[in-house]
Amino acid sequence: MWCTIPDVTAALSLAPADDALAAADAGGPVRRSRAERQAIVLDTAERLFAGRSSRSVGMDELVRETGLGKMTVYRLFKSKDDLVGAYLARKAATVLAFIDAELVRLQGDPRAALLSVVDAVERDVTRTGFRGCPFTNVSSEYDDPQHPARSAAADYKFELHTRLERLADEIVPGAGEDLAAQVHLIIDGMYLSGGLLGPDGPAAHGRQLAERLIGLAEARA
């Protein structure tokens, strides 16, 4: 079974196993924990998928790139589909953890917190090597709505929208649903435009549009 977003969030907090640290201190071969082996596989998958596409990367190639044994990799991920789902779930957990940290940092100022999410998207879409939203890119490669990649992408979008709606409700109590949906559409549009037209295209205007929509919502409240 591929990992869900909560599963991966928990795994990210795992420290290296004590026996691995002891072996390293003794100068012997390092025994990696399961979490460390998973991280190696997922890091390799992220590098290969980001450079090309998940469909174009075969499991034999991925196993070679990890430096781990084939059986080791397949004990962690029973299939390519499971691995792709876990890759997106880990990415979702990382992004949502960043957003949650921003919400804590800006607690009491929901407007600034909502705009900080848009700012983070702008930084992402304007970075060197940006090739579009990984959740959209990878999930679009699979037709089955029950595929782990599609499920992980949908879970991420739901979790993101939940956070946007919570902030929007604080800005305009009782009318946050519309504002959250509008900001979510801006974010999706920034990712699509940034991937196709580059950082100087419409994606560069996402923050300005978000500010305008927030201002209109506050004026109507």
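Biologist: Is Glu-211 buried, partly exposed or exposed?

Modeller: A caveat before the answer: this is a predicted model, where local features need pLDDT of at least 70, side-chain atom pairs count only at pLDDT 80 or more, and totals for chains, interfaces and linings use all residues. Residues are numbered from 1 along each chain as its sequence is written, and side-chain values use heavy atoms, with hydrogens and water left out. Buried means under 20% relative accessible area, exposed over 50%, and partly exposed in between (1.4 Å probe, protein chains only). Glu-211 has a relative accessible area of 29%, so the class is partly exposed.

Biologist: Which side chain meets Glu-211 in a salt bridge?

Modeller: A salt bridge here is a side-chain nitrogen of Lys or Arg within 4 Å of a carboxyl oxygen of Asp or Glu. The N to O distance is 2.4 Å. Helices are DSSP runs (H or I, at least four residues), numbered from the N terminus. The partner is Arg-207.

Biologist: How many salt bridges does a search of the whole structure find?

Modeller: One of them joins Lys-70 to Asp-60, with the closest N and O atoms 3.5 Å apart. That pair links distant parts of the chain, helix H5 (residues 70-76) and helix H4 (residues 59-66). The whole-structure search gives 14.

Biologist: Which residue forms a salt bridge with Arg-90?

Modeller: Arg-90 is buried, at 12% relative accessible area. The closest N and O atoms are 3.3 Å apart, and the residue is Glu-46.

Biologist: Which residues are linked with Arg-90 in a network of salt bridges?

Modeller: Start from the Arg-90 and Glu-46 pair. It links helix H6 (residues 80-105) with helix H3 (residues 34-51), 44 residues apart. The network links Arg-90 with Asp-43, Glu-46 and Lys-91.

Biologist: What is the nearest side chain of opposite charge to Glu-141?

Modeller: Glu-141 lies in the loop between helix H8 (134-139) and helix H9 (148-171). Lys and Arg count as positive, Asp and Glu as negative; His and the chain ends are not counted. Glu-141 is buried yet has no salt bridge. The nearest opposite charge is 4.8 Å away, on Arg-55.

Biologist: Beyond its neighbours within four places in sequence, which residues does Glu-141 contact?

Modeller: Contact means heavy atoms within 4.5 Å. Sequence neighbours within four places are left aside. The residues are Ser-53, Ser-54 and Arg-55.

Terms used: Helix = DSSP H or I, 4+ residues; strand = E, 2+ residues; numbered from the N terminus.
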